[in-house]
Structures are given as structure tokens and as C-alpha cells.
Amino acid sequence: MFKRLVAGATVAMLATTVVSAVPALSADAASKKVDLKELNVQFVPSSQADTIQAKAKPLEKLLKKQLGIPVHVTISTDYNTVVEAMGSGKVDMGFLPPDPYVQAHKQYGAKVILQSQRYGINDKKNDGSNTDKLVDYYRALVVVKKDSGIKNVKDLKGKKIAVQNPTSDAGYIFPVVDLNKKGMNVIKNSKLVTVKGHDQGVISVVNGDTDAAFIFDDARNLVKKDNPDVFKDTRVLKYTAKIPNDTITLRKGISKADAKTIQNAMIKVSKTEKGKKVLNDVYSWAGVTKSKDSNFDIVRKYQSQVENIK
């Protein structure tokens, strides 16, 4: 009798285990909102890469909650690296500035889904403070030391200028083109010094390692904590034309349905307190808005122009 009871209990336990396992599997399947098995996300560093890595990491859990799949966040070494990684399928979603986005679209069929929003910079105050208006564009600055003898763009002749990678809109393309329009060909007549990160460009000017730097408006905020007098010690020599804000871009091959789901997921994340913190800490974004490829035609125009400057 005892053996029969034990056997019966064993069968009952197995049945219970099987039944209870079914809802768990169904729940996992239901939580998966996209066909992708995982989402590999890569950021482009606008300041020191190790600092951005720590700030961007929380996005993994936030997006996983929305999409129901593992999310992996990494930081690329430069703009070209993430474009190539998206082209080879190693990266599914890239946080790309305008120029790298245009390149990724042209070479590999990448598609923009979102564009960042920031509060405008109150340039008249020259203290890095924001306006109360959300905008989908920014400008680049040519910044010099306040007591510098550089008074106009032509004074940049023979001077050392801190720049970013040649694919950087604010750190290279737009300043080079707009300065050329004012009669100053810095490629030919100045010494361009490539630094990694707009914060390093600012620091190089503050320390006197370079005479000027091409930075986004206003990258001086990145170093304000360690250099509280940075706005007093530097001044803006030149503002460029408006540049479309950075993108969130998907590689070719992601279905329209998945793209829409990821787009909506990022919008939802951007409205949460934790999501807002990630976007603000990494890129000083205040939000995201839906975007389209034609928004970046001005970038294509500047790309064409910079290629003709030698």
C-alpha cells in the first residue's frame, strides 16, 4: 500500500511539474516582442569611452524589459567602427551622429528610426546653460582661449586645432566647410590635431596644447566639473550652420515590424526616469523623436563640400 501511495504521489508530482512548466514557457514566449533573438547596441564615444560605457550600460535592462530579448550595449572605438559593425551585422542598433548615419545608409542600407532632442544652448549667456525649448539640431563651435590673439577665422592660419575623426559633423566637417566659406582653409593652412572626444578638444585648448578646437555646442559642459572656469577662460570664435541631431539607426535586414517595435520601445524608455538619465548622462539628450532619411540631406551637402577642400 505504501509503495502504491508513493508511486501515485510521484506521478502526481511529475504531472504538477509538467503543468507548471507549460505556463512558464508560454510566459517567456509571450514576453518576446520581436523576431530578433538579441539586440546588439553600440554607442559612439563623444567623450572618454570608459566613462560612457558605465553610463550607457543600464540601457540593457531597460530595453530588455520592453523587447523581451537580451540586449547588449558596447562602445565603439570611433565612428567608422560602428558603421562597419552594422554593415557586417554584428551591431543591430547604433547611436550614430549624422555623418556616420549617412555613410551607413549609403554603404549598408541602414535606416534611421529616431533623432535625438536636446534643450537648446543659451549661447548669449556663454555659460553652457540650456533654454527651455527642445530642438532637433545643434551647432558646432570653434573655441579658443579668451586671451588668445586669435580674433577672426583667418587668424587660425598656422595654428594647431584639435579636431575629431574626419567623419565627425561637429568635430570636423561643419567647421571645416564653414571656415572655408569665410576664406580659411584649415586643412591646407592649419595643423589639425586629432583627439578622441570633444572633452579632450576643450581640455587641449585650456591646457594650451592647441590654439583652437572644433566641438559641439556646448561641449565645455563636459569638463566644467573639473574646470569650473572653462567658460571664463575660453570664447567662441565661430558658430557653424545647424546640424541635425544624432540618430538611433538600425542595420539593414531588420524587419519593418521589429523596427517599429524597437522604435516604440526606445520612445517609451526615453520617457522613464531611468531612461532619461541614461540619455542625458551619455549624450545630454532630453528625449527622442521619430525621424526620416531626408532630414539629413544637409549633411550630404556638407560631405560633398568637405571632400572638395584640400
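Predicted model: local features only at pLDDT ≥ 70, side-chain atom pairs only at ≥ 80, totals over all residues.
Although Asn126 is not a glycine, its phi is positive, at about 55°. The protein around it has 12 helices and 14 strands.

**Backbone points worth a look**
- Asn126 counts as partly exposed, because its relative accessibility is 28%.
- Ser284 is not a glycine either, yet it has a positive phi of about 60°.
- You will find Ser284 in the loop between helix 11 and strand 14 (287–290), and with a relative accessible area of 38% Ser284 is partly exposed.
- Asp217 and Asp218 are joined by a cis peptide bond, with omega at about 0°.
- Asp218 belongs to the loop between strand 10 (212–216) and helix 9 (230–233).

**A positive patch on the surface**
- Four lysines, Lys61, Lys64, Lys65 and Lys274, gather on the surface as a patch of positive charge.
- Helix 3 (residues 59–67) is the biggest contributor to the positive patch, giving three residues.
- Lys274 has its place in helix 11 (residues 273–283).
- Lys274 counts as exposed because its relative accessibility of 62% lies over the 50% cut-off.

**The protein as a whole**
- Of its 310 residues, 46% count as buried.
- Among contacts with a separation of 6 or more, 77% are between residues 24 or more positions apart.
- The accessible surface comes to about 15,900 Å², and carbon and sulfur atoms account for 53% of that surface.

Key. Residues numbered from 1 in each chain as written. Heavy atoms only, no water. Patch = residues over 30% accessible without salt bridge, like charges linked within 9 Å, V, L, I, M, F, W, Y side chains within 5 Å. Areas by Shrake-Rupley, 256 points an atom, 1.4 Å probe, with all protein chains shown as cover. Salt bridge = Lys/Arg side-chain N within 4 Å of Asp/Glu carboxyl O. Lys, Arg positive; Asp, Glu negative; His and termini not counted. Charge placed at Lys NZ, Arg CZ, Asp CG, Glu CD. Helix = DSSP H or I, 4+ residues; strand = E, 2+ residues; numbered from the N terminus. Buried < 20%, exposed > 50% of the residue type's maximum accessible area, 1.4 Å probe, protein only. Contact = heavy atoms within 4.5 Å.
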